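Reader: I'd like to learn how to read a structure like this. Can you walk me through a few features?

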Amino acid sequence: MVWQTILDLLESTVRVSPPLIFAALAGLFSERSGIFDIGLEGKMLAGAFAAGAAASVSHSALIGLLVAIVVSLLLALVHAFASITQRGNQIVSGVAINFIAAGATVILGQAWFDQGGRTPQLAAGERFTTVDLPYAQWASNHIPVLGPIYEHLISGQFWLTYLAFAMVPFTWWVLYRTRFGLRLRAVGENPAAVDTAGISVTWLRYRAVMCDGILCGIAGAYLSMAMAAGFTKGMTAGRGYIALAALIFAKWRPVPVLFACLLFGFLDAFGIRMQGVPLPIIGQVPGQFVQALPYILTVVLLAGFIGRAIPPRAGGKPYVKER
Amino acid sequence: MSTPYAKLPAWAEYVLLPFVNVVVAFLVAGLVVLLAGDSPLHAFQLMIEGAFGYGEGIGYTLYYATNFIFTGLAVAVAFHCSLFNIGGEGQAYVGGIGVAIAALWLDRFVPWWVTFPVAIALSAGFGALWAFIPGYLQAKRGSHVVITTIMFNFIASSLMVYLLVHVLKPVGAMAPQTRTFAEGGQLPTLGWLLKLFGLNPGIAPFNITFLLALVMCFLVWVLVWRTRFGYELRTLGFSRGAARYAGINEAKIIILTMMISGALAGMMALNNVMGDQFRLQLDFVNGAGFVGIAVALMGRSHPLGIIPAAILFGVLYQGGAEISFDMPEISRDMIVIIQGLVILFAGALENMFRPALASAFGRIGRSRRDVAAPAAGE
């Protein structure tokens, strides 16, 4: 019984984590290049809406995903234009994008589909479906422990989920094993040095923010086309900020990002499942406390009580070329 | 282009440029209305009628503006110290506890004018407390105040749900809210003020908190521009290095600034809790804390700019509610877009039109050589 509960919890963890992973990795690209991004939430929301709207109109999940990426990318470019070209305040720009997305998705959704800010329910062919890996059922019946794990956790996920988990080593590889990644990390620490080497700081940062936009779009598409069948008003529900928290919690490194996202995803799943259920030793935990836990943990981490999170040194500062 | 941006005359810097930015924001918002399939001009007309067309509308406009003056001042004070307090929403929410404590405790025994000062002190106190922790962590542990205040908004929201559901809700009641305050916990309206102008205030909850907001504008001006503390605060905001060199106690200023900012945000709760609903409800702040960011940016972080900016957003809130009667597609969420666009154009892109304006002024200046360039203001 306990085993079944744990397995269910882990299964929901895997369900809710991918958008966090995509969004946190998105923030990772941008912030490691020195551009803070508070706007993960907004880009994800816009992506979710675009995916839901496009998929229901075109009857194609793939087109939904592509439109989500394009819309999120456009918002990322606004952020890039404001914070790189115009040297504006990056946090202000991110906040602006969150509001624009929050308002526009509702207004346009209501005007276009007239369902109270929702997009039409997506049919089976218009959304992502789960992939069953071979022998899942058989393994579950014949192999103890590992069989059910294989059936529930590894098999039967959306292919976007597999993509999310694959993005982690890929991001690590890009960041630490490619020339682009080296330069991206350098431009976040010391843009002047990169500039001296004859590499365009502007172009590098633009590319980093574009990676950010693409990943946020996928995160949004996951929400409205995989986790749910269609967009609902405000469906990101703070996930962009949780992803931001996870990014800080992971100290801006790809592999810890995965674990931070899984931890916060687990807390999310735990909070939903454990509502009103008394736990051994601690007694009944208020659901609100579990909900607030990711934020509390992040504040505690930021305060330096468990390790220390040091952001990229040039983060948040617009680069002005010396003349 | 040795300096990134040319200097503008003061009136262009503080009036013209913000005006241009806001106009562009509204033009883009008009595009969204167009995308939604409505006429932006008609929407604009409806909004102005809804906000100014009759006494009750004006009352509501000023009621909303009161909220935004408080949250705008809160963001502005922190801006002067180059701190970005996104936590106004949470601080106002937690400030509501202070108001509720004062009102629930005193409302049956004393008239409102005894409860009011206590409620002011407690709301400010709770708001300040909620901002103290991020301020302390920024000053002593170097954790970025933006991130911590965002996190504190979420923590506040969970905390308030918990308190309202488990602690403050009267026994046996269903809705997660406190009991309704008696007479002594209800602030008088300023309807008579509107009647002086021959307007009918109707049921608009425009109340005495508005006057408190104006007093706070003045006090913030005194604090920031006319006291030693304000000087230190602005020095620190302008250059951390200079402040350190001048022997200014950085940690103290940061913590105090955040607490003042939080106190101002916390006072916003008075307007809704004691002035309108007469009870503490879930989500009563309803985004007003975030509007403060737009208001502060638009008002250039100066009380004299914040008041008109707050009234503009009051117009948007009240007028936006009216629009939705005639144009069901345009709901209150339109304001969220406008708010975002104002933040984008008056905040992040504030310098976009500066080069064009500067070169225009440069041309005028060259043609009138004998006129000396006016000195910039503060």
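Reader: How much of residues 61–84 of chain A is helix, and how far apart are the end C-alpha atoms?

Author: Helices here are DSSP runs of H or I, at least four residues, numbered from the N terminus. Residues 61–84 of chain A are 100% helix and 0% strand (strands being E runs of at least two), and the end C-alpha atoms are 33 Å apart. This is a predicted model, where local features need pLDDT of at least 70, side-chain atom pairs count only at pLDDT 80 or more, and totals for chains, interfaces and linings use all residues. Residues are numbered from 1 along each chain as written, chains are lettered from A and ligands numbered from 1 in written order, and side-chain values use heavy atoms, without hydrogens and water.

Reader: What about residues 213–232 of chain A?

Author: That span is 75% helix and 0% strand, with its end C-alpha atoms 21 Å apart.

Reader: At what angle do α8 and α11 of chain B pack?

Author: Axes are lines fitted to C-alpha atoms over the stretch in contact, and angles run from 0 to 180 degrees between N-to-C directions. Helix α8 (residues 209–226) and helix α11 (residues 250–277) of chain B pack at about 170°, axes 10 Å apart. Over 145 degrees counts as roughly antiparallel, so α8(B) and α11(B) are roughly antiparallel to each other.

Reader: Which residues make the contact?

Author: Contact means heavy atoms within 4.5 Å. Among them are B:Met216 and B:Val220 of α8(B), and B:Leu264 and B:Met267 of α11(B).

Definitions and conventions: Angles under 35 degrees count as roughly parallel, over 145 as roughly antiparallel, 65 to 115 as roughly perpendicular and the rest as oblique.
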